[in-house]
Amino acid sequence: MFVKIFSTACLLAMTAGYAAAESHAPAMEITGDAAKGEKVFRKCMACHAVGADAKNKVGPELNGIVGRAAASVEEFGYSDAFKTKGEEGLIWDPETLAAFLEKPRDYVNGTKMSFAGLRKEDERADVIAYLATFNAEGEGS
């Protein structure tokens, strides 16, 4: 009986500790200007869409991209390189998006994406801020 109570108490303590650690985890910091990012996103619109009516194009729709797992948009034919990144657990947070957007082909070697990247750090931050305004359903904030 003691072992059962002790085991339960340990499990509860570990769970509470984990929950407390999670609640103090730093939030993903979005530093860019979404209005400026909307203008920068024009460079992306030939292949990607956001918003309520967004559909997959040459690239996947990007609603809810910030915080989403890589290669997770249904009905989109990702390259094997992107599928591998998704299987490895890549999550598109501001840091990973910034690194990818700087040089997509360097970040995901083997991607089909032909875009050379956004060389300016402020443009990357701005487009990430813009993308962050759209939830998975395409509703902007």
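Figure 1. Of the chain's 141 residues, 34% count as buried, where buried means under 20% relative accessible area, exposed over 50%, and partly exposed in between (1.4 Å probe, protein chains only). This is a predicted model, in which local features need pLDDT of at least 70 and side-chain atom pairs count only at pLDDT 80 or more, while totals for chains, interfaces and linings use all residues. Residues are numbered from 1 along each chain as its sequence is written, and side-chain values use heavy atoms, with hydrogens and water left out. Six helices and two strands make up the secondary structure; these are DSSP runs numbered from the N terminus (helices H or I, at least four residues; strands E, at least two). Along the sequence, their pattern reads α-α-β-α-β-α-α-α.

**Figure 2. An aromatic cluster.** Here F76, Y78, F82, W92, F100 and Y107 come together as one aromatic cluster. Rings of Phe, Tyr and Trp (its six-membered ring) pair if their centres lie within 6.5 Å; planes under 30 degrees apart count as stacked, over 60 as edge-to-face and the rest as tilted. The count by this rule is nine aromatic pairs. One of them is tilted, because the ring centres of Y78 and F82 lie 6.2 Å apart with their planes at 50 degrees. Both Y78 and F82 are buried.

**Figure 3. Zooming in on F82 and F100.** With centres 5.6 Å apart and planes at 75 degrees, the rings of F82 and F100 count as an edge-to-face pair. This pair links distant parts of the chain, as F82 belongs to helix α3 (residues 80-87) and F100 to helix α4 (residues 94-102), 18 residues apart. F82 and F100 are both buried.

**Figure 4. The salt bridge between E123 and K43.** A search of the whole structure turns up one salt bridge, defined as a side-chain nitrogen of Lys or Arg within 4 Å of a carboxyl oxygen of Asp or Glu. It joins E123 to K43, with the closest N and O atoms 3.2 Å apart. The partners are 80 residues apart: E123 is in helix α6 (residues 121-131), and K43 is in the loop between α2 (34-40) and β1 (68-69). E123 counts as buried at 17% relative accessibility, whereas K43, at 47%, counts as partly exposed.

**Figure 5. A negative surface patch.** E102, D106, E121 and D122 form this patch. Patch residues have over 30% relative accessible area and no salt bridge, with like charges joined within 9 Å and nonpolar side chains (Val, Leu, Ile, Met, Phe, Trp, Tyr) within 5 Å. D106 sits in helix α5 (residues 104-107) and, at 58% relative accessibility, counts as exposed.

Methods. Accessible areas come from the Shrake-Rupley method with a 1.4 Å probe; for residues, only the protein chains shown count as cover. Lys and Arg count as positive and Asp and Glu as negative; His and the chain ends are not counted. The place of a charge is taken as NZ of Lys, CZ of Arg, CG of Asp or CD of Glu.
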